[in-house]
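User: Can you walk me through this model? I'd like to start with strand pairing and then zoom out.

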Amino acid sequence: MTLSYMSGFGNEMETEALPEALPKGQNSPQNCAYGLYAEQISGTAFTAPRATNARSWLYRIRPSVRHTAHFTPISYPNWLSPPSMDDHDLPIGQFRWNPISLPETKTNFLAGIKTMTTAGDVRAQSGMAAHTYAFNDSMTDDYFFNADGEMLVVPEQGRLKIQTELGCLDVEPAEICIIPRGVMFKVDCVDVVARGYICENYGARFTLPERGPIGANGLANPRDFLSPVAAFEEKDTPCSVHVKWGGKFYQTDIGHSPLDVVAWHGNFAPVKYDLRHFCPVGAILFDHPDPSIFTVLTAPSNEPGTANVDFAIFPARWMVAENTFRPPWYHRNIMSEFMGLIYGQYDAKEEGFFPGGMSLHSMMLPHGPDAEGFLKAATADLTPQKLENTLAFMFETRLPQQVTAFAANLETLQTNYIDCWAGLEKRFDGTKEGKK
């Protein structure tokens with residue numbers, strides 16, 4: 001079944017799965033149509049400025065207080081939250097991993113999440129965690145909500161059907177979705193297996209970056225973001241709700257589905273976006289601009305211009321700059337960069353960075369093109385060139401990213417990653433031309 005969506009980022013929307021289920025002219029009538037309950041979900045404080053205030057009114061078969069009973073602690077030992085330090089002996093460095101292996105036994109979305117890095121403090125609502133996921137089983141009677149943060153899901157392999165209390169999303173590789181903090185959902189595995197990445201954002205919500213001198217158009221355009229129409233699941237069978245709260249996990253058992261919202265209106269809702277609609281801008285004369293021009297979404301911090309998390313992509317694009325080293329330049333950065341590859345080849349790393357793989361260049365640790373990439377770029381004929389069949393991404397944060405014990409001990413960790421720069425030899429020989 002082809003799903004329907006509503007277009008726009010952060011829009012005020014309204015949708016109903018049954019006619020006249022939405023009240024008109026007010027939010028909380030004495031009696032709602034169809035015997036529904038009115039309930040608000042707030043993604044920001046009541047007094048947040050209008051421009052950033054986020055809330056939706058839901059009209060549901062049962063109020064959310066009926067979607068929880070007594071909680072019992074449960075464990076997802078490989079899903080961690082910050083602060084998470086000193087649980088392994090791996091020293092600091094530049095790291096890269098091959099793709100994680102796909103599960104051979106039945107594994108659902110929640111069980112398939114493994115934390116690679118953490119930054120900040122989940123209880124202070126600051127920072128992020130970078131996860132990978134791999135699963136092959138649907139969450140048929142299992143449901144989840146994350147009270148700690150919103151989840152940016154980046155599929156690399158396999159399509160996802162994400163059923164939320166506000167409606168359904170179909171998400172495929174080269175698309176992303178954001179599941180807001182506190183929103184109930186479950187994930188079905190559409191294909192045999194699915195794998196990808198998650199950025200769990202504990203700070204301010206993701207928003208679109210300011211374009212500045214770029215003007216009113218370009219980058220990620222709001223109309224290309226899609227939110228679900230109302231759809232409810234009426235199921236009176238045993239179900240389990242799993243919750244992440246304060247970095248810990250809990251379960252509560254109920255006798256019905258919690259995805260029972262028949263209608264809703266507001267601006268706090270799941271959203272998906274096709275990364276192939278991103279309109280990149282870049283140099284059309286000389287020099288490689290800062291990679292911030294590839295920012296799709298940003299979650300701001302209290303320091304102006306410095307993000308709690310940025311989500312940037314490096315898609316297919318034309319390279320035309322004259323007399324310019326065209327790949328990203330060598331760099332040391334106050335920000336920490338976690339990268340993944342959805343498909344193709346990343347132009348700054350000719351070898352060793354595979355779809356489903358990951359790399360980490362944390363605060364002030366140097367990075368840049370490998371030796372082969374440098375030589376190719378330094379000797380290239382600078383005619384217009386199109387980078388095709390490539391889509392890499394970056395989770396970038398102002399906070400240092402700590403490698404987890406799972407990531408430190410992962411068998412796919414490339415222990416020789418540092419060697420990719422070993423061939424960068426001294427070129428200085430006292431002449432203006434330098435050693436070739």
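Analyst: Strand β17 (residues 239–245) pairs with β18 in the antiparallel sense over seven bridges. Strands here are DSSP E runs of at least two residues, helices are H or I runs of at least four, and both are numbered from the N terminus; two strands pair if DSSP finds at least two bridges between them. Note that this is a predicted model, where local features need pLDDT of at least 70, side-chain atom pairs count only at pLDDT 80 or more, and totals for chains, interfaces and linings use all residues. Residues are numbered from 1 along each chain as its sequence is written, and side-chain values use heavy atoms, with hydrogens and water left out.

User: Which residue in the turn of the β17 and β18 hairpin has a positive phi?

Analyst: Two residues sit between the strands of that hairpin. Lys244 stands opposite Phe249 in β18. In the turn, the residue with a positive phi, about 65°, is Gly246.

User: What is the bridge partner of Thr72 in β18?

Analyst: β18 (residues 248–254) also joins β5 (residues 72–74), antiparallel, through three bridges. Within β18, Thr72 has as its bridge partner Gln251.

User: How many strands are in the protein, and what is its radius of gyration?

Analyst: The protein has two helices and 28 strands.
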